[in-house]
Amino acid sequence: MGEYFLVIVFCIMGECTSMDGQTPYPDYETCFKVSEETAELFSRQYPNSKGQIYCLTEDEYKEYINTTEPKEAPKVGTGI
């Protein structure tokens with residue numbers, strides 16, 4: 001049904017950044033599973049942080065890339 005891209009918005013101490021994986025997941029279920037694992041990992045490592053994780057379609061991902069400024073955060077293959 002198409003590929004999905006993982007996008008993470010991560011905030012700690014009032015500073016927010018976004019990270020994304022440029023390699024797509026083959027389906028929404030796989031992306032969602034990775035997003036759950038990533039959220040758990042970030043919650044353990046950064047208990048005072050907040051954020052959101054999204055699984056975007058290719059068109060949504062292109063729009064996200066085209067509407068955000070260049071990020072200083074490293075690219076990730078898997079998410080929070």
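1. Disulfides. This predicted model holds 2 disulfides. With bonded cysteines counted along the chain, the pairing pattern is 1-2, 3-4. The two links are taken in turn below.

2. Cys11 and Cys16. These two cysteines form a disulfide, with sulfur atoms 2.0 Å apart. The angle about the S-S bond is 110 degrees. That link is right-handed.

3. Cys31 and Cys55. A disulfide also joins Cys31 to Cys55, at an S to S distance of 2.2 Å. The torsion about this S-S bond is about -100 degrees, so the link is left-handed. The pair connects distant parts of the chain. Cys31 sits in helix H1 and Cys55 in strand E3, 24 residues apart.

4. Burial of that pair. Are Cys31 and Cys55 buried or exposed? Cys31 has a relative accessibility of 0%, so it counts as buried. Cys55 has a relative accessible area of 15%; the cut-off for buried is under 20%, so Cys55 is buried too.

5. Lys50. This residue also belongs to strand E3. Its relative accessible area is 65%; exposed means over 50%, so Lys50 is exposed. Which residues does Lys50 touch, leaving aside neighbours within four places in sequence? The contacts are Val9, Phe10 and Cys11. Cys11 is the residue that forms a disulfide with Cys16. Val9 lies 41 residues from Lys50 in sequence. In space, the C-alpha to C-alpha distance between Lys50 and Val9 is 8.4 Å.

6. Ser18. Strand E2 spans residues 15-20 and includes Ser18. The relative accessible area of Ser18 is 13%, which means that Ser18 is buried, the limit being under 20%. With what does the side chain of Ser18 make a polar contact? The partner is the side chain of Tyr64, at 3.0 Å.

7. Nonpolar patch. Ile12, Met13 and Tyr46 make a nonpolar surface patch of about 330 Å². Tyr46 is placed in the loop between helix H1 (28-45) and strand E3 (50-57).

8. Points to check on screen. Strand E3 carries both Lys50 and Cys55. Lys50 is exposed at 65%, whereas Cys55 is buried at 15%. For the disulfides, compare the handedness: right-handed for Cys11 and Cys16, left-handed for Cys31 and Cys55.

Notes
Residues numbered from 1 in each chain as written. Predicted model: local features only at pLDDT ≥ 70, side-chain atom pairs only at ≥ 80, totals over all residues. Heavy atoms only, no water. Helix = DSSP H or I, 4+ residues; strand = E, 2+ residues; numbered from the N terminus. Buried < 20%, exposed > 50% of the residue type's maximum accessible area, 1.4 Å probe, protein only. Polar contact = N/O pair within 3.5 Å; in protein donor to acceptor, adjacent residues only side chain to side chain. Patch = residues over 30% accessible without salt bridge, like charges linked within 9 Å, V, L, I, M, F, W, Y side chains within 5 Å. Areas by Shrake-Rupley, 256 points an atom, 1.4 Å probe, with all protein chains shown as cover. Salt bridge = Lys/Arg side-chain N within 4 Å of Asp/Glu carboxyl O. Disulfide = S-S within 2.5 Å. Contact = heavy atoms within 4.5 Å.
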